[in-house]
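I am opening my notebook on a structure that is new to me. Come along and look things up with me, one entry at a time.

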Amino acid sequence: MNDTTFLTALRAIVGEDAVRTDDPALALVASDVHVSSARPIAVVRPRDAAGVAAVASLAIAHDHAVLPRGGGLSYTGGYAPADARSITIDMGGLDQIMNISAEDMIITVQAGVTWKQIAAALQPLGLRLPFIGTFSGAGATVGGGLGHGALFFGSARYGSAAEIVLGLEVALADGTLLRTGQGALATASKPFLRTFGPDLTGLFTHDGGMFGIKTEASFRLIQAPAELGYASFAFAAFGGAIDALKSIARADIAEEVYILDPSAAGAADSDMATMLEKARSVARDATGLRRAARALASLARGGTRFIPPGHFSLHLTAAGRCLAAVEADLAAARVIARGFGGMPVAPTIPRVARADLFRNLDAVVGPNGGRWAALNAKVAHSDAHRLVAAFDAMLTPYATEMAAHSVTCTRLVSALANHCFSFEPVFHWSDSWQPIHRAVVSPGLLKEVVEPAADLDARALVDRLRMETVELFRALGAASNQIGRTYPFREALSAAPEALLAQCKAMLDPKGLMNPGVLGFGRHHR
């Protein structure tokens, strides 16, 4: 089947307008926030699971690789085509919330739904997901989050998206629509339980789409906490902040707890005008006149009490059924933080972060329009200091070269549940944008910020730093989320699990064309 005939067959499945071959569409899906790759032959946007399954099976039958794409906000090549004999399936067409059951405490959504959509639908019902969503939840989708390890808001208490999903519908390479959890039963059942027998749902989480394309997901719900509280602390030493974060995580007194290094905290808390613009969001989030007044008063005080220069800052959100419970958790956090040298400062940053959940995607570019590229490592708490020290030692020899090319590095540390330390170094530099930058930033920012000129030398340096960082994480036995095609997952496995996953891949995707190369599996593995 030649390309023309193949494209005609795709259009017969999903409609004329749902198949795009124009340059802007192909350029957008051939790159993410950092990685650029080959352009696929087409971008296909089905409207339902049957369409996804039919498109995938047709493409693979005619030896085209199939790559699912959600919000497009990856920075590890999670949907990057290895060559042009590929199609990208844009999952944004599957954007419906299928069912919300307050009685069963379950929500079922299509895979193209964003975390912002879910939060908006649940808020009037007094419900929410335990894990609420990612920083990029205004554009990041459920399918992408489950495939690549979504985490942040709520993660210190509830873990990642994978911990709260109950069941999935997945389109396989042969066009089969497979259901997991209670959905796997021959007799129809509500998706109230994940593990009736072996955990098939888990097989399709954090898989990068290499086993199939997620088309639907069901999650458990919780009652939205009646009260929220915030705390921030400044630390002269990074080590003290790390020890405080680990202790707060183990005590289970925060829904998220994270550390910003001095430059990152300064950028977040130095613009008083921006903070005041967000006052309405803070008040809106604090429903009830008394709570709104209290929130605004705290914000007004906090805007003038900046984090001292050169200090690391720890921020947390506490949540509970009553104000007394939240105050008790905040009091416990203050005792812990002070014990490790923390000085209380106004909690402007966590308060605004929660009040302004999923506002826009402008953070995809830096404050002056520059680029950034992150990496992440997950280790046990006892390995936290070793990880950070090893990264700092790796970076030290590059100090002069980084300064010459105006490349900087900030570090974000957070807790994932009570047992996992998450470390995320972020490289920043001035460079021309990727198509995704132009596609997702707000019109207002596009008017204010000028896209920088290309800086190939700085970009090459960042790529070298990323490669060394990835190898360091592997040598330390760290885990990572959003693995994509950047982390050496398959090569890092021991023999038995590698063989098992290879057999699963061969059974579910015999041609190796379902997102090939992701996690190191598939026909185009390099």
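**Entry 1: ground rules.** I take helices (H or I, at least four residues) and strands (E, at least two) as DSSP runs, numbered from the N terminus. This is a predicted model, where local features need pLDDT of at least 70 and side-chain atom pairs count only at pLDDT 80 or more, while totals for chains, interfaces and linings use all residues. I number residues from 1 along each chain as its sequence is written, and side-chain values use heavy atoms, with hydrogens and water left out.

**Entry 2: His 148.** I looked up His 148 and found it in helix 5 (residues 142-148). Which residues does His 148 touch, not counting those up to four places away in sequence? I noted Gly 78, His 206, Gly 208, Asn 481, Gln 482 and Gly 484, where contact means heavy atoms within 4.5 Å. I also checked Thr 76: its C-alpha atom is 9.8 Å from that of His 148, and the two residues are 72 residues apart along the chain.

**Entry 3: Asp 252.** Asp 252 sits in the loop between helix 8 (238-251) and strand 13 (256-260). Is Asp 252 buried or partly exposed? It counts as partly exposed, because its relative accessibility is 40%.

Entry 4: I traced an open sheet of 4 strands with mixed pairing and the order 1-2-4-3. Its edge strands are strand 1 (19-20) and strand 3 (65-69), each pairing on one side only. Two strands pair if DSSP finds at least two bridges between them. Strand 2 (residues 42-44) and strand 4 run parallel, joined by 3 bridges, and Ala 42 stands opposite Ile 87 in strand 4.

**Entry 5: Asp 90.** I stayed with strand 4 (residues 86-90), which holds Asp 90. Asp 90 counts as buried because its relative accessibility is 15%. A polar atom of its side chain lies 2.9 Å from the backbone nitrogen of Gly 92. Leaving out residues up to four places away in sequence, Asp 90 touches Val 43, Val 44, Arg 45, Pro 46 and Arg 69.

**Entry 6: strand 8 and its partners.** How many residues of strand 8 (residues 165-171) are buried? I found 7 of its 7. Strand 8 pairs with strand 10 (residues 213-220) in the antiparallel sense over 6 bridges, and Val 170 has Lys 214 as its bridge partner there. Strand 9 (residues 177-179) also runs antiparallel to strand 8, with 3 bridges joining them, and Leu 177 is the bridge partner of Ala 171. The hairpin of strand 8 and strand 9 has 5 residues between the strands, and in it Gly 175 takes a positive phi near 95°.

**Entry 7: Phe 192.** My last stop was Phe 192, in the loop between strand 9 and helix 7 (200-203). Phe 192 is partly exposed, because its relative accessible area is 47%.

Notes. Buried means under 20% relative accessible area, exposed over 50%, partly exposed in between (1.4 Å probe, protein chains only). A polar contact is a pair of N or O atoms within 3.5 Å; within protein, one must be able to donate a hydrogen and the other to accept it, and residues adjacent in sequence count only if both atoms are side-chain atoms.
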